[in-house]
Amino acid sequence: AEILEFVFMHLKLSDPNSDAGFDAEWIKVTWVCGRWRQIALQCSALWAVTAVMERPGASSDPFDAARTLLERASPRPLTLVAVTPPALQVLRPHAHRVRSLTLQIRPWHLTSEFSTTQAIQAVPNLGTILTRLLLSGYKGHLPWHPERYQAPEFPSVTLHANAFPHLRFLEVEDVALDIVGQMINLEIFRGAGLSEITGREQDLKGILKAMPNVRCIDLDNFIP
């Protein structure tokens, strides 16, 4: 069983689409026979790094696959590599295990009332134990004519530092960032943006002021 677990893990790590849940290629090897499937189901490490997204048309519940994967990973800490705002509610029973969260914010998720902090705080205990938070905007979803892209639709994210007391790593990509308060435990910050498309300047001085103990800063097209 241990050898098979090692083989399954190797196949998963070798699969470039390994975190795509039941759509990943590596998972097909667990269908070979009932014994292999049982071993895979009992190996929680195989499921601890995954995406939590809708699968429209897959069943009456578009999050059915996500719920199954989260259950299989129990009781291990979770690294969630792709989570949409509507999927956050699926995390409620597992929030105490989430250590790393990548939140994907797309145009259709944005409303005048949208708040990343409020969305995360709506799931009890989620923000309070996060050590890694990645906020992803429009990567891979740019229009064919970026010059027609208007700034008002550009994601603007406000993070309240007191909602993320243990955060050590923060990465924002293709979003305008504002931080309220000080993230005193933050050590690493990475920022990538679309300044040449949106014409929106990032308040870099204000952002860095909110990170008094940061040790590593990596910026790529984050400011004009």
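Reply:

**The sheet and its surroundings**

Seven strands, in the order S1-S2-S3-S4-S6-S8-S9, form an open sheet with parallel pairing, where two strands count as paired if DSSP finds at least two bridges between them. The model is a predicted one, in which local features need pLDDT of at least 70 and side-chain atom pairs count only at pLDDT 80 or more, while totals for chains, interfaces and linings use all residues. Residues are numbered from 1 along each chain as its sequence is written, and side-chain values use heavy atoms, with hydrogens and water left out.

S1 and strand S9 (216–220) stand at the edges with a single partner strand each, so one side of each is left without a neighbour in the sheet. On average, neighbouring strands of this sheet are turned by 10° against each other, direction ignored; axes here are lines fitted to C-alpha atoms, for helices over the stretch in contact, and angles run from 0 to 180 degrees between N-to-C directions. The strands and helices themselves are DSSP runs numbered from the N terminus, with helices (H or I) of at least four residues and strands (E) of at least two, and the chain has seven helices and nine strands.

Within the sheet, strand S3 (residues 98–104) is joined to S4 by five bridges and the two run parallel, with Arg132 in S4 as the bridge partner of Ser100. S4 is in turn joined to S6 by five bridges, again running parallel, and here Ser136 stands opposite Glu173 in S6. Strand S6 (residues 169–173) pairs with strand S8 (residues 188–192) in the parallel sense over five bridges, and Glu173 stands opposite Ala192 in S8. Strand S4 (residues 132–136) has four of its five residues buried, so it is largely enclosed by the rest of the structure; buried means under 20% relative accessible area, exposed over 50% and partly exposed in between, with a 1.4 Å probe and protein chains only. Of the 224 residues of the chain, 45% count as buried.

Helix H3 packs on the sheet, touching S1 and S2, and its direction makes about 155° with that of S1. The buried residues of helix H3 (residues 64–72) are Ala65, Ala66, Leu69, Leu70 and Arg72. These residues cover an arc of only 160° around the axis, which puts them on the same side of H3; the arc is that of the directions from the helix axis to the C-beta atoms. An α-helix has 3.6 residues a turn, so residues three or four places apart point the same way. The cover over the buried residues of H3 includes helix H2 (34–42), strand S1 (49–52) and strand S2 (78–83), a contact being heavy atoms within 4.5 Å.

As for confidence, the mean pLDDT of the chain is 80, and 80% of its residues reach 70 or more, pLDDT being the predictor's confidence in each residue, from 0 to 100. Among the elements of the chain, H2 has the highest mean pLDDT (93) and helix H6 (residues 195–198) the lowest (48). Over residues 139–152 the pLDDT is below 50, and beyond near neighbours in sequence this stretch has 12 contacts in the model. Where pLDDT is low, the predicted coordinates should not be read in detail.
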